[in-house]
Amino acid sequence: MVGTNSKHSYFFILISFFFLALAVLGFFASFLRGLEEGLTNLPWILHVHALSMMGWLTLVILQALLILKGKLTWHYGLAGAGFVLITIVIVTGLGLSTNSLFLDVPAEVKPIIYRLFGLTITSIIQILVFYLAAMIAVRFSRQAHKRLIIFVSFLILDAAFFRMTWLPGMNGASGPIWPLHLYHLLALTPLFLFDLRTLGKLHPATLYGTLFIVVVKAFSVWIWNSETWLMGAAQMEKSIGSWWTPLY
């Protein structure tokens, strides 16, 4: 995040810590199960995916701290690490989701896998769009850049919220998908409040970024309930299957 030292910098540090805490909360139960089953028994790509996600969330905190301390040279120098981490997040996430299409599961489980595949695709598209927008915005608007980077971290939390089945209305893959989106969007509340308090309105990056996310989430609700998507995903599985090599 590029900018000058300001009390506002503390907000971006705090919201980044908040997002990291949500990620830990969401994945903690899965981590404990992994310990019980033996972490070495889990696919290597799952470890890489998890480490890259947590690495990104941690890096954003570090970058905000560097801005607060005025260490711009270090901030710019670590930009490459951010590119590497977000690339790994996207590639491994897509790899895991695609590989799930070819797992040996009962026929009644296939529709669930197809729905999760669609959910992953929409999530990856959003992460890519916001990351590219943030890299463009750094040249024109430091405040937009900061918010777009926050959106990237926010989008990574999608998978964490999916695992919070203890929340009312959350039933994982067996239930409707809209509660996930609702809880996920609520995590943006601190950003909304910050904008309203400091600007008197939502920053354009916050406003249009949220609208874009809402539209994509609405589309993913359609995917979750669409027979057309299930048929399309089955066709994609056939097409990919001709060259796909199982990852595990």
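Colleague: Are F11 and F194 buried or exposed?

Modeller: Both F11 and F194 are buried, where buried means under 20% relative accessible area, exposed over 50% and partly exposed in between (1.4 Å probe, protein chains only). Keep in mind that this is a predicted model, where local features need pLDDT of at least 70, side-chain atom pairs count only at pLDDT 80 or more, and totals for chains, interfaces and linings use all residues. Residues are numbered from 1 along each chain as its sequence is written, and side-chain values use heavy atoms, leaving out hydrogens and water.

Colleague: Why is V24 called partly exposed?

Modeller: V24 has 41% relative accessibility, so it counts as partly exposed. V24 sits in helix 1 (residues 8-37); helices here are DSSP runs of H or I with at least four residues, while strands are runs of E with at least two, numbered from the N terminus.

Colleague: How many aromatic pairs are there?

Modeller: The count is 13 aromatic pairs. Rings of Phe, Tyr and Trp (its six-membered ring) pair if their centres lie within 6.5 Å; planes under 30 degrees apart are stacked, over 60 edge-to-face, and the rest tilted.

Colleague: What makes F11 and F194 a stacked pair?

Modeller: Their ring centres are 4.0 Å apart and their planes at 5°, so the pair is stacked.

Colleague: And why is the pair of W56 and Y131 edge-to-face?

Modeller: The W56 and Y131 ring centres are 6.1 Å apart with planes at 75°, so that pair is edge-to-face. W56 and Y131 are both buried.
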